[in-house]
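Reader: I have a new model open on my screen. Can you walk me through it?

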Amino acid sequence: MVWLFRIMVAVAALTCIAWAAPLALSANEPERVDKRIAITFDDTPRGAGAFLTLEERGPRLIAALGAAGVRQAAFFINPCRIQSERDGALVRAYETAGHVLADHTCTHPGLSRVSAAFYLADIDQSQAWLRGRPTYRPWFRFPFLDEGGSDAAKAQAVRDGLTARGLINGYVTADGYDWNMERLTIEAKRAGRTIDMARLRDLYVETHVGAAEFADALALRATGRHPAQVLLLHETDLAALFLPDMVAALRKAGWTIVTADEAFDDPIARRTPQVDFANGTRIQMLAWEKGLEGSRWYDRTDGPVADRLFEERVMQGASIQ
């Protein structure tokens, strides 16, 4: 009977292997890529755009986030721009909708253009307004992504100041220069030029999906993994109009939309790249720190390239005012 027992054991083992086999990757099957991205907005509250009033844009942006299934976006606030009850109501509406608030300084100075003492005092102003808000997060985002440029002493003084205030860097990893596309749209509208809205939507969507893909590829080279990405947007008419289309395109490209809480819990949040010029996205600086060859910049964050694409793709043959 020993031989029968051995046969039964062998059959059972082969059965387990057969069931487990589909779970393993074959030699030719690519490894699954975990592409995650969070949606964040700078410069809240922001001035009027080309198509919507401030009263229209806020509710429409909240509705767009809901329609896109983005359950938590992060809004980086400039409290000194809150000049009216209308502005305050807009920020409260973002909170009520489940989104979170973080610090973008009070007056939006560039660190390279002011002293560390002035900069930290400006942050103290914004913190006085933000702390105690129901959805406040202790994240700080540098205006213009300017972390001190080539002034290492100033950059370190501000980093130390942020640590003393219990703040962490609310960095960006993917940037499509949406503020520039908004600027070009406003200028075209003011000049009475015809704007093709469908082409504008397509350029906006394509640019931001491209920014995410570029950042992911660069991050894999710089870190050996696919970190959670943080997409930089601004509180613009274009976001209010086109965000559901952009999110749908990201998902089609294999991206999962995650909360800002999840994104800023990624291991790269605990890294401070040591580079000669502290400016740009976290991924760009990590790539520079590693000494990677080739461009660290998404081509559509080059002003002349972005402007030319807008003129060629949106304004040529435009059909809708």
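Reader: Pockets to begin with. Which element gives the largest share of the lining of the largest pocket?

Author: That is α7, with four residues. Keep in mind that this is a predicted model.

Reader: Which other elements supply at least two residues there?

Author: β1 (35-44), β7 (174-175), β8 (229-234) and α10 (282-290) each do. Helix α7 itself spans 197-223.

Reader: How much space lies in that pocket?

Author: About 500 Å³.

Reader: And which residues lie nearest its centre?

Author: F144, L145, D175, Y177 and W179. The whole lining of the largest pocket has 29 residues.

Reader: How do they divide into nonpolar, polar and charged?

Author: There are 13 nonpolar, nine polar and seven charged residues.

Reader: OK, next one. What volume has the second largest pocket?

Author: About 310 Å³. It is lined by 18 residues, and I168, N169, A269, T272 and R282 are the closest to its centre.

Reader: Which element gives the largest share of that lining?

Author: α5, with five residues. That helix covers 152-164. β6 (168-169) and α10 also supply at least two residues each. By type, the lining of the second largest pocket has eight nonpolar, four polar and six charged residues.

Reader: Switching topic. How many disulfides does a search of the whole structure find?

Author: One. C80 and C106 form it, with their sulfur atoms 1.9 Å apart.

Reader: Why does the pair tie together separate parts?

Author: C80 is in the loop between β2 (74-77) and α3 (85-96), while C106 is in the loop between β3 (100-103) and α4 (116-130), so the link joins parts that are 26 residues apart in sequence. The link of C80 and C106 is right-handed, with 90 degrees about the S-S bond.

Reader: Is C106 buried or exposed?

Author: C106 counts as buried, because its relative accessibility is 4%. C80 is at 27%, so C80 counts as partly exposed.

Reader: Now the core. Which residues touch the most other members of the largest nonpolar core?

Author: I39, F41, V70, F75, L200, L243 and M246, out of 60 residues in that core. Helix α8 (residues 237-252) gives the largest share of this core, nine residues.

Reader: Take V70. What does V70 touch?

Author: Leaving out residues up to four places away in sequence, V70 touches I39, L65, H99, L243, V247 and I257.

Technical notes:
Residues are numbered from 1 along each chain as its sequence is written. This is a predicted model: local features need pLDDT of at least 70, side-chain atom pairs count only at pLDDT 80 or more; totals for chains, interfaces and linings use all residues. Side-chain values use heavy atoms; hydrogens and water are left out. On a 1 Å grid over the protein atoms alone, a cavity is a set of points where a 1.4 Å probe fits but cannot get out, and a pocket is an open set with protein on both sides within 12 Å along at least five of seven lines; lining residues have an atom within 4 Å of a point. Grid points are joined across faces, edges and corners, and a volume is the space filled by probe spheres set on the points. Ala, Val, Leu, Ile, Met, Phe, Trp, Tyr, Cys and Pro count as nonpolar, Asp, Glu, Lys and Arg as charged, and the others, Gly among them, as polar. A nonpolar core is a set of buried Ala, Val, Leu, Ile, Met, Phe, Trp, Tyr and Cys residues joined through side-chain atoms within 4.5 Å. Buried means under 20% relative accessible area, exposed over 50%, partly exposed in between (1.4 Å probe, protein chains only). Contact means heavy atoms within 4.5 Å. A disulfide is a pair of cysteine sulfur atoms within 2.5 Å.
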